[in-house]
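These are my notebook entries on one protein model. I set down what I looked up, in the order in which I looked.

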Amino acid sequence: MTATRRASYALFAVVLAGTAALGLGPALLACLCSFMFLDLSCRALIRAGLPEFAARAVSVGTLAAAIAACATT
């Protein structure tokens, strides 16, 4: 196992332990879902032909609108 891989596993263990110790499970899950939404929508928009900057802007705007819609209900 390379040093980089060991460091990656160690960092993951530290983040996991910190999340459990501080009770941040729901926040971590929300962050992971938001990242997945941004990544998938940005990649799809780039494949559809949008420039990278425009795809990122549309992805962030869509996520912000979705969060705002969820916050008002």
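The entries below go from the whole chain to single residues.

**Entry 1: ground rules.** I am working with a predicted model, in which local features need pLDDT of at least 70, side-chain atom pairs count only at pLDDT 80 or more, and totals for chains, interfaces and linings use all residues. Residues are numbered from 1 along each chain as its sequence is written, and side-chain values use heavy atoms, with hydrogens and water left out.

**Entry 2: the whole protein.** I counted three helices and zero strands; helices (H or I, at least four residues) and strands (E, at least two) are DSSP runs, numbered from the N terminus. From the N terminus on, the order of elements is α-α-α. I then looked up the radius of gyration, which is taken over C-alpha atoms, and the globule rule, which is 2.2 Å times the number of residues to the power 0.38. The radius is 17 Å, well over the 11 Å that the rule gives for 73 residues, so the protein is more spread out than a compact globule. Along the principal axes, the C-alpha atoms fill a box of roughly 40 × 35 × 15 Å.

I next checked burial, where buried means under 20% relative accessible area, exposed over 50%, and partly exposed in between (1.4 Å probe, protein chains only). Of the 73 residues, 8% count as buried. The protein exposes about 5,700 Å², and carbon and sulfur atoms supply 76% of this area; the areas come from the Shrake-Rupley method with a 1.4 Å probe, and for residues only the protein chains shown count as cover.

**Entry 3: the helices.** I compared end-to-end reach with the expected span, which is 1.5 Å times one less than the number of residues.

- Helix α1 (residues 3-22) has 20 residues and reaches 28 Å, close to the 28 Å expected. Just after α1, Gly23 takes a positive phi of about 70 degrees.
- Helix α2 (residues 25-47) has 23 residues and reaches 33 Å, close to the 33 Å expected. Just after α2, Gly49 has a positive phi of about 115 degrees.

Entry 4: Which residues of α3 are buried? I found Ala55, Ser59 and Leu63. They cover an arc of only 65 degrees around the axis, which puts them on the same side of α3; the arc is that of the directions from the helix axis to the C-beta atoms. An α-helix has 3.6 residues a turn, so residues three or four places apart point the same way. The buried residues of α3 pack against α2. The face turned away from this buried side carries the exposed residues Phe53, Val60, Ala71 and Thr72.

**Entry 5: Ser59 and Ser41.** Ser59 lies in α3 and is buried at 2% relative accessibility. Leaving out residues up to four places away in sequence, Ser59 touches Phe37, Leu38, Ser41, Cys42 and Leu45 (contact means heavy atoms within 4.5 Å). Ser41 belongs to α2 and is buried at 18%. A polar contact of 3.1 Å joins the side chains of Ser41 and Ser59. Such a contact is a pair of N or O atoms within 3.5 Å; within protein, one must be able to donate a hydrogen and the other to accept it, and residues adjacent in sequence count only if both atoms are side-chain atoms. The side chain of Ser59 also reaches the backbone oxygen of Ala55 at 2.9 Å.

**Entry 6: Val14.** Is Val14 buried or exposed? Val14, in helix α1, is exposed, with a relative accessible area of 57%. The C-alpha atoms of Val14 and Ile46 are separated by 34 Å.
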